[in-house]
Amino acid sequence: MMLIPCPFCGKRNESEFIFGGAVGADRPDPNSVNDAEWVEYLTVAPNPLGPVQERWWHARGCSEWVTIWRDTRTHDIVEAPDDSE
Amino acid sequence: MQKYSVFSLARNALSGHRNWSRAWRSPPLKDQYEVVVIGAGGHGLATAFYLAKEFDITDVAVVEKGWLGGGNIARNTVTIRSNYMRDESIPFYVKSVAMYEGLTHELNFNMMHSKRTMVDVVQTWPKLRELRRRQLAMDIYGSTYEQISENELRSRIPALTGGGPDARLPVICGMVHTDAGVNRHDAVAWGYARAADALGVEIHQQTAIQSLIRGADGHISGVETNRGTIRAKKVVVAVSGHTTTLTETVGLKLPLRTMNLTAFVSEPVKPLVDVIVNCPDSGFYFSQSDKGEMVIGGAPDMGQSFRRDIKQNVFEDTVTAMLSLFPSFKKLKLMRQWGGHLDIAHDASPIMDQTDLPGLFVTAGWWGGYKAIPAGGLTLAHLVAKSEPHPLMSSFTLNRFRHLDFVMEAGTTTAR
């Protein structure tokens with residue numbers, strides 16, 4: 001069971017949250033990318049063996065959206081990697 | 001290949017079972033093959049077998065990081081069925097179910113196939129509408145789905161005592177899929193391995209792929225392993241959850257996410273349930289194995305995961321759902337639990353195609369790919385041998401992402 005840090009409620013049980021997806025690339029301007037780049041933006045999500053940035057919705061709590069880094073190998077909530085923005 | 005039969009059994013009994021030949025060889029690793037298949041699981045071994053049998057390509061190496069048949073083929077819940085939703089999906093799974101039924105004969109290996117029917121317990125009206133829609137689509141392709149009343153459902157599954165009129169989700173009716181069955185997962189892996197080996201395919205266990213190699217001509221040129229470089233003009237990736245991990249070694253991105261799906265088994269009890277029970281509204285399914293254990297599965301973990309074990313809250317949710325319909329199972333002790341990581345595209349349909357790196361083939365996105373092993377291996381062998389998709393799989397190429405022409409599949413798993 002993961003304890004996800006919520007800015008209002010503190011560390012709360014994973015079962016109070018709904019998974020909101022991995023944080024992907026920012027939406028490009030559709031006019032400035034070609035079809036292949038647009039399709040990649042639409043369909044390819046980060047799938048790393050290691051830390052991934054993702055959003056969780058505290059749906060059964062305060063309704064806040066929380067962004068965390070989580071290690072996909074262990075489910076540990078981790079610090080943002082150094083090379084991330 | 002030493003043929004297994006009642007006569008060979010008797011002959012070997014006379015010599016105290018000391019003279020059985022090995023089921024497959026462990027040949028030395030060569031540095032070049034015509035085809036390298038990564039992953040000695042169901043799909044990898046089946047692909048190697050059909051490459052040799054149907055297309056006479058026998059210079060094939062199946063390389064496996066761990067041991068043969070130790071990945072998701074050892075971690076699934078052995079449900080074989082064809083109750084899918086889409087015109088593209090149903091004929092493929094009908095073919096796969098039919099191939100499974102003849103597999104014992106084809107591979108001369110007892111699959112312990114038990115065509116025991118799957119029964120869906122329907123508890124909401126939207127689910128009933130969806131399943132009846134699936135029934136109409138399945139009728140076209142010769143797969144069977146039939147609605148039965150609540151009374152008939154409870155008489156077929158006497159242990160189903162929950163879900164009465166006062167329950168949060170009262171049982172409405174059942175849907176019966178008579179084509180469904182279970183078999184023995186180890187036999188599938190071992191049977192394909194033995195039959196492929198007999199046709200000349202080499203199987204190399206304990207051989208981990210470190211990276212794929214992109215040749216100077218822009219084609220795939222081989223793989224880097226912990227036992228050295230293997231050159232090959234054609235490489236097949238059949239590794240389930242680690243597909244993107246491997247393709248990213250040559251900078252290739254695929255529209256796949258890796259998730260963890262879990263299962264657990266109870267202690268063995270006397271025969272109690274003779275069908276596969278699927279409860280899509282409650283979110284669990286189970287069948288009773290030949291040994292008497294209840295084999296139980298539920299929803300996947302939220303979020304991507306490469307962790308192959310079960311989370312306490314997923315386990316508790318599944319057990320709670322199960323006890324709401326089968327309260328007598330409260331007395332069962334649970335013995336083992338495990339997880340397997342598998343990858344999924346967002347339309348929940350598989351991907352089988354040659355990638356943008358010529359010569360590199362992937363078979364991925366198989367959520368519940370156990371039932372797809374025979375037809376998946378046959379169609380992938382066709383693709384590798386002829387470089388064009390098999391008609392049954394032509395809708396499941398990477399083109400559907402390029403043209404946003406998805407096959408949104410509702411029949412993939414109970415968990416979606």
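Q: What makes E4(A) and E5(A) a pair of strands?
A: Seven bridges join E4(A) to E5(A), running antiparallel. Two strands pair if DSSP finds at least two bridges between them, so seven is enough. As an example, A:Pro51 stands opposite A:Asp71 in E5(A). By the way, this is a predicted model: local features need pLDDT of at least 70, side-chain atom pairs count only at pLDDT 80 or more, and totals for chains, interfaces and linings use all residues. Residues are numbered from 1 along each chain as its sequence is written, while chains are lettered from A and ligands numbered from 1 in the order in which they are written.

Q: What makes E5(A) and E6(A) a pair?
A: Two bridges join these antiparallel strands, and A:Arg70 has A:Ile77 of E6(A) as its bridge partner. E3(A) and E4(A) pair in the antiparallel sense over three bridges, with A:Ala22 partnered by A:Glu54 in E4(A).

Q: Why are E3 and E6 of chain A called edge strands?
A: Four strands of chain A form an open sheet in the order E3-E4-E5-E6. E3 and E6 (77–78) each pair on one side only. As for the labels, strands (E, at least two residues) and helices (H or I, at least four) are DSSP runs, numbered from the N terminus.

Q: What makes E9(B) and E10(B) a hairpin?
A: These strands, residues 209–214 and 220–225 of chain B, pair in the antiparallel sense over five bridges. Five residues lie between them, and B:Gly218 in the turn has a positive phi of about 85°. In E10(B), B:Val223 is the bridge partner of B:Leu212.

Q: How do you know that the length of H5(B) agrees with what a helix should span?
A: H5(B) has 16 residues (125–140), so at 1.5 Å a residue it should span 22 Å, and its end C-alpha atoms are 23 Å apart, which agrees. The expected span is 1.5 Å times one less than the number of residues. Just after this helix, B:Gly142 takes a positive phi of about 80°.

Q: Why is B:Pro28 called exposed?
A: It has 7 other C-beta atoms within 10 Å. A residue is exposed at 12 or fewer, buried at 20 or more and partly exposed in between, with C-beta atoms placed from the backbone, so 7 counts as exposed. B:Pro28 is found in the loop between H1 (6–14) and E1 (32–38) of chain B.

Q: What makes up the side of chain A that touches chain B?
A: The contact (C-beta atoms within 7 Å, placed from the backbone) takes 19 residues from chain A and 18 from chain B. H1(A) gives the largest share of chain A's side, three residues. That side divides into eight nonpolar, six polar and five charged residues. Here Ala, Val, Leu, Ile, Met, Phe, Trp, Tyr, Cys and Pro count as nonpolar, Asp, Glu, Lys and Arg as charged, and the others, Gly among them, as polar.

Note on methods:
Two residues are in contact if their C-beta atoms, placed from the backbone, lie within 7 Å.
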